[in-house]
Amino acid sequence: MSTPTAPAPGLGFSMLFPPGWREFRTDVESERELTELATRGARDAGRADVALAIRQHIHRMFEGLRRRRALGVHLPVVTMDDSVLPASLTVVPVRFAPGGLARAVADRAGDAAVEEVDATGARWYRWYDRADQLEGQDAAASVTLHYVIPRPDDAGALHLLYAYTVLAEDRGEEPDRSLETLGHGIIGTFEWGRPA
């Protein structure tokens with residue numbers, strides 16, 4: 001599925017996602033829609049406590065997205081076996097002064113080692129960050145794969161954040177790289193396009 005989006009007036013972009021992924025904008029209606037979708041199973045099972053925890057988590061996530069002025073988040077809402085992958089891809093515009101892209105990337109990456117990636121003649125920037133806990137829980141950790149992709153007209157860039165969850169029992173072993181590979185695969189389909 002190709003999802004066209006507009007990061008700034010006059011220039012759109014697209015990426016291909018596996019079946020079952022959907023884009024949610026950062027508005028209140030999209031938050032409501034995702035909350036309804038995500039809490040349905042808990043409500044059907046009579047687990048109001050679980051539904052409330054999910055609702056609160058989604059609200060915190062959308063508040064964070066709005067604070068960062070994200071364009072939206074792409075999530076797998078259903079997979080072939082009716083389970084959901086613990087992954088997401090967030091799109092955030094990056095603004096910087098002329099010639100200031102490297103500084104903007106360094107500011108976002110902090111202490112992380114940044115790689116420059118040649119993507120069809122354009123220079124993209126990539127780094128990882130890891131958290132050993134997920135929202136204060138020891139049961140899971142998160143890994144975020146960051147890409148900053150400059151616009152072809154040098155009028156800004158997009159910061160793509162592909163985050164996925166790793167269960168605690170898998171942290172000490174050789175990690176399953178399938179979710180990471182999926183993230184690189186989705187981002188590898190990124191293309192700037194016509195005005196949206």
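"Buried" here means under 20% relative accessible area, "exposed" means over 50%, and "partly exposed" is in between, using a 1.4 Å probe and protein chains only. L158 sits in strand β9, residues 157-167.

Before I go on, a word on what you're looking at. This is a predicted model, where local features need pLDDT of at least 70, side-chain atom pairs count only at pLDDT 80 or more, and totals for chains, interfaces and linings use all residues. Residues are numbered from 1 along each chain as its sequence is written, and side-chain values use heavy atoms, with hydrogens and water left out.

Now the overall picture. The protein has 5 helices and 10 strands. Those are DSSP runs numbered from the N terminus: helices are H or I with at least four residues, strands are E with at least two. Of the 196 residues, 39% are buried. And if you take contacts between residues at least 6 apart in sequence, 54% of them join residues at least 24 apart. Contact, by the way, means heavy atoms within 4.5 Å.

You'll find T90 in strand β5, residues 87-94. Is T90 buried or exposed? It's buried, with a relative accessible area of 6%. Leaving out residues up to four places away in sequence, T90 touches L65, R68, A70, G72, V73, H159, L160 and L161.

For contrast, have a look at R69, in the loop between α2 and β4 (72-76). R69 is exposed, with a relative accessible area of 66%. Its phi is near 60°, which is a positive value in a residue other than glycine.

On to the helices. Two packed helices are described by the angle between their axes and the distance between the axes. Here, the axes of α1 (residues 28-44) and α2 (residues 48-67) come within 9 Å and cross at roughly 155°. Those axes are lines fitted to C-alpha atoms, for helices over the stretch in contact, and the angles run from 0 to 180 degrees between N-to-C directions. So α1 and α2 are roughly antiparallel to each other; that label needs an angle over 145 degrees, while under 35 is roughly parallel, 65 to 115 roughly perpendicular and the rest oblique. The residues making the contact include L34 and A38 of α1, and I54 and I58 of α2.

Last topic: aromatic rings. Rings of Phe, Tyr and Trp (its six-membered ring) pair if their centres lie within 6.5 Å; planes under 30 degrees apart are stacked, over 60 edge-to-face, and the rest tilted. How many aromatic pairs does that rule give? The count comes to 7. One of them is F13 with F190, stacked at 5.3 Å centre to centre with 20° between the planes. This pair links distant parts of the chain: F13 is in strand β2 (residues 11-14), F190 is in the loop between α5 (178-187) and β10 (191-193), and they're 177 residues apart. Both F13 and F190 are buried. There's also F17 with W21, a tilted pair at 5.5 Å centre to centre and 35° between the planes. F17 and W21 are buried too.
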